[in-house]
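Hi,

Here is the structure I promised to pass on.

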Amino acid sequence: MSPADPPNSTRAAVLVPFALVVLIWGSTWIVIRDQLHGGAVAVPASWSVSYRFLVAGLTLAAVAAWQRAPGTRALFAQPGFWRFAGLLGVFQFVLNFNFVYRAEEHITSGLVAVIFALLLVPNALFARIFLGQRLGRQLLIGSAIAMSGVALLFIKEARSDPGGPTESLIGIAFTLCAILSASTANVMQATKAATRYPMIPTLATAMLIGAAIDAGWAWFTTGAPVFDGRPGYVAGVLYLGIVASALAFTLYFRIIRTIGPAKAAYNGVIVPVIAMLLSTVFEGYRWTTLAAAGAGLAAVGLVVALSARRPAR
């Protein structure tokens, strides 16, 4: 496809999974907060991350076995496969999520979701540096509009955060570390090396590697496994593992391979808006003029950016 062709992002094959990912990940912040603060049993964040990706990895491994895709067994003997899956597991399923869970110990889930919208920035820069993808004028204009909306949402959430400046700075620092880790994994999925490996068995391997490292880190830093047996926690682990990880990451990484990491990162611009809408229904979140204006600008920026042409290499 040449740069002059119609953008792939206008096709249902991209827009439908994009919308699903946004809706799914927009709901995860409430579930994560419940895991951190909702039960009588205090489960360390690293153990919750471990359970999530153990469930996700086993789910995708079962799907790969059921599909019986040709060449799956030979995949594990391919040069570079274990290194690629291992790095993907470390950046996406270890560093990223451990930083996110720790950020939510210091600031509200809404503020973490809003800050995470900045994923657009390193994704665009890394795509330009490592993939040679040029950023068109329309994408830059859409980014500027969306970031203006994110700034308004940030101001609103920062004002309402109860932790104070010190706690806020710690939480923001953890979130920025998560963003850089996630961006590295995003760009990895857009490389030519990634296309050599089938998506589902590769993701299953990366998630199981990530879960093992998460568990090792959790045991080293917090002690033996801790599990909350209440139905809400169990349901949260299953939802985050099967729906928000096994399904959503499969869809999201396919979107990255189609439209590039810069435009794919726009899911993070809309996710906090979805999180706030769900919070309105389940937590009594009250919209202000500032929040409404920020959400509106984020939506406009998304439309402008996703209507841009496919990034040229």
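Let me start with Ile259, which is buried at a relative accessible area of 2% (buried means under 20%, exposed over 50% and partly exposed in between, with a 1.4 Å probe and protein chains only). Before going on: this is a predicted model, where local features need pLDDT of at least 70, side-chain atom pairs count only at pLDDT 80 or more, and totals for chains, interfaces and linings use all residues. Residues are numbered from 1 along each chain as its sequence is written, and side-chain values use heavy atoms, with hydrogens and water left out.

Ile259 sits in helix α11 (helices are DSSP runs of H or I with at least four residues, numbered from the N terminus).

Some more on α11. Its 29 residues should span 42 Å at 1.5 Å a residue, and the end C-alpha atoms are 39 Å apart, which agrees (the expected span is 1.5 Å times one less than the number of residues). There is a bend of about 35° at Ala248, taken as the angle between axes fitted to the seven residues ending there and the seven starting there. After α11 comes Gly260, with a positive phi near 90°.

Now the aromatics. The structure has 17 aromatic pairs (rings of Phe, Tyr and Trp, the last by its six-membered ring, with centres within 6.5 Å; planes under 30 degrees apart are stacked, over 60 edge-to-face, the rest tilted). In one of them, Trp25 and Tyr252 have ring centres 5.1 Å apart and planes at 65°, so this pair is edge-to-face. Trp25 belongs to helix α1 (residues 12-37) and Tyr252 to α11 (residues 231-259), so the pair ties together parts 227 residues apart in sequence. Trp25 is buried at 13% relative accessible area, and Tyr252 is buried too, at 3%.

Gly132 follows α6, and its phi is positive, near 70°.

Cheers

Definitions and conventions:
Helices (H or I, at least four residues) and strands (E, at least two) are DSSP runs, numbered from the N terminus.
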